[in-house]
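Colleague: I would like to learn how to read a model of this kind, moving from the chain as a whole to single residues. Could you take me through it step by step?

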Amino acid sequence: MSERRVALVTGAARGIGAETACLLAQQGLRVVALDSCAGDERGRSGVDYALASRDDLRTTRERLGDRGISVEADVRDAAAMEAASAAALDRWGRLDVAVAAAAVIAGGRPLWEEPSLDTLLEVDVVGVWNTATAVVPAMLAGPDPSGCRFVAVASTAGTRGLFHLAAYNAAKHAVIGLVRGLAADLVGTGVTASAVSPGATDTAMLEATARLYGVPRDDLSVSRLQRGPLDPREIAATIAFACSREGRVLNGSVVSADGGAAGGAAG
Ligand SMILES: NC(=O)c1ccc[n+]([C@@H]2O[C@H](COP(=O)([O-])OP(=O)(O)OC[C@H]3O[C@@H](n4cnc5c(N)ncnc54)[C@H](O)[C@@H]3O)[C@@H](O)[C@H]2O)c1
């Protein structure tokens, strides 16, 4: 059955966000694909690897066909996130689902040698906060709050201390706290909030992480049970369940999508 719900996906130009946007569109949702497209201007991203480009976002937009629009915006910019939420309402009159996938990674040194926590807190935590504050009022005021889902993409780093990634660990732990607090505030409204925590997944961020560690990408496999990284389409399928009407059972939950690494199945 074709779904009439409308979704906003951040970090949608590539990787897990792009695959999630496209899968939701395949499932019949209308999708606003949002990205900062800072790929060609590293000074704008605050990290030393290339983020997605305008061409990447255009590719996602083309994959969405007539089920999607794209918006260039930085999740750190609360006003721009309000405008993106308004774009969904202008186009389709409702906003039911938000997936906060935009994030950056930095590290590769012990905490006391890291230059700053600021960029990761601003993008990975305040960005999720800005996404929630922009979309939740529209969900609560919309025609079907019980079909509304807020899903943040956290990480294994949200529940564990990954080596030489102290700022990323701190940011992703904060994302999980944010989602739990939001879920508590939403009890009784029908709208729900949850987090999905991927393990090592085959995207540009994993390449950047391997460079931080100075190791080949495949050394970041999640466990001996899961050789090589996960496929971003597998993570997208997990997120899509969290976004579904049935995903309401996950309110306040953190779903590990890591091939067994965090669940004691490290092999
Ligand atoms: N790849 C992994 O191994 C892995 C593991 C655990 C968690 N994650 C999480 O999955 C999510 C998606 O990451 P990915 O692996 O697809 O990485 P990616 O770098 O391919 O995608 C991240 C996207 O976010 C966008 N983005 C970055 N900063 C932004 C900003 N300020 N405003 C708007 N857009 C911005 C980038 O342009 C890019 O398109 C992230 O939250 C990441 O922390 C990834």
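Modeller: Let us begin with a single residue, bearing in mind that this is a predicted model. Relative accessibility is the value to read here, and a residue counts as exposed when it is over 50%; R248, at 58% relative accessibility, therefore counts as exposed.

Colleague: Where does R248 lie, and which residues does R248 touch, not counting those up to four places away in sequence?

Modeller: R248 is found in the loop that runs between α8 (232-243) and β7, and, with residues up to four places away in sequence set aside, R248 touches R149 and T192.

Colleague: Turning to the chain as a whole, how many helices and strands does the protein chain have?

Modeller: The secondary structure of the protein chain amounts to eight helices and seven strands. The radius of gyration is 17 Å, close to the 18 Å that the globule rule gives for 267 residues, so the chain is as compact as a globular protein of that length. Along the principal axes, the C-alpha atoms fill a box of roughly 50 × 40 × 30 Å.

Colleague: What share of the residues counts as buried, and what share of the contacts with a separation of 6 or more comes from residues 24 or more positions apart?

Modeller: Of the 267 residues, 54% count as buried, while residues 24 or more positions apart account for 72% of the contacts with a separation of 6 or more. The chain exposes about 11,500 Å², of which carbon and sulfur atoms supply 51%.

Colleague: Against which elements do the buried residues of α6 pack?

Modeller: The buried residues of α6, among them Y168, N169, K172 and L182, pack against α5 (118-141), β5 (149-153), β6 (192-198), α7 (204-213) and β7 (254-257). After α6 comes G188, whose phi is positive, near 90°.

Colleague: Which residues have a positive phi although they are not glycines?

Modeller: The general idea is that most residues other than glycine have a negative phi. In this model, C37 has a positive phi of about 50°, and H164 has a positive phi of about 55°. C37 lies in the loop between β2 (30-35) and α2 (42-45), whereas H164 lies in the loop between β5 and α6.

Colleague: Are C37 and H164 buried, or partly exposed?

Modeller: C37 has 3% relative accessibility and so counts as buried, whereas H164, at 24%, counts as partly exposed.

Colleague: To finish, what is L206 in contact with, leaving aside its neighbours within four places in sequence?

Modeller: L206 has its place in helix α7 and, at 8% relative accessibility, counts as buried. With neighbours within four places in sequence left aside, L206 is in contact with A200, T201, R217, L220 and P229. For L206 and L220, which are 14 residues apart in sequence, the C-alpha to C-alpha distance is 8.0 Å.

Technical notes:
Residues are numbered from 1 along each chain as its sequence is written. This is a predicted model: local features need pLDDT of at least 70, side-chain atom pairs count only at pLDDT 80 or more; totals for chains, interfaces and linings use all residues. Side-chain values use heavy atoms; hydrogens and water are left out. Helices (H or I, at least four residues) and strands (E, at least two) are DSSP runs, numbered from the N terminus. The radius of gyration is taken over C-alpha atoms; the globule rule is 2.2 Å times the number of residues to the power 0.38. Buried means under 20% relative accessible area, exposed over 50%, partly exposed in between (1.4 Å probe, protein chains only). Contact means heavy atoms within 4.5 Å. Accessible areas come from the Shrake-Rupley method with a 1.4 Å probe; for residues, only the protein chains shown count as cover.
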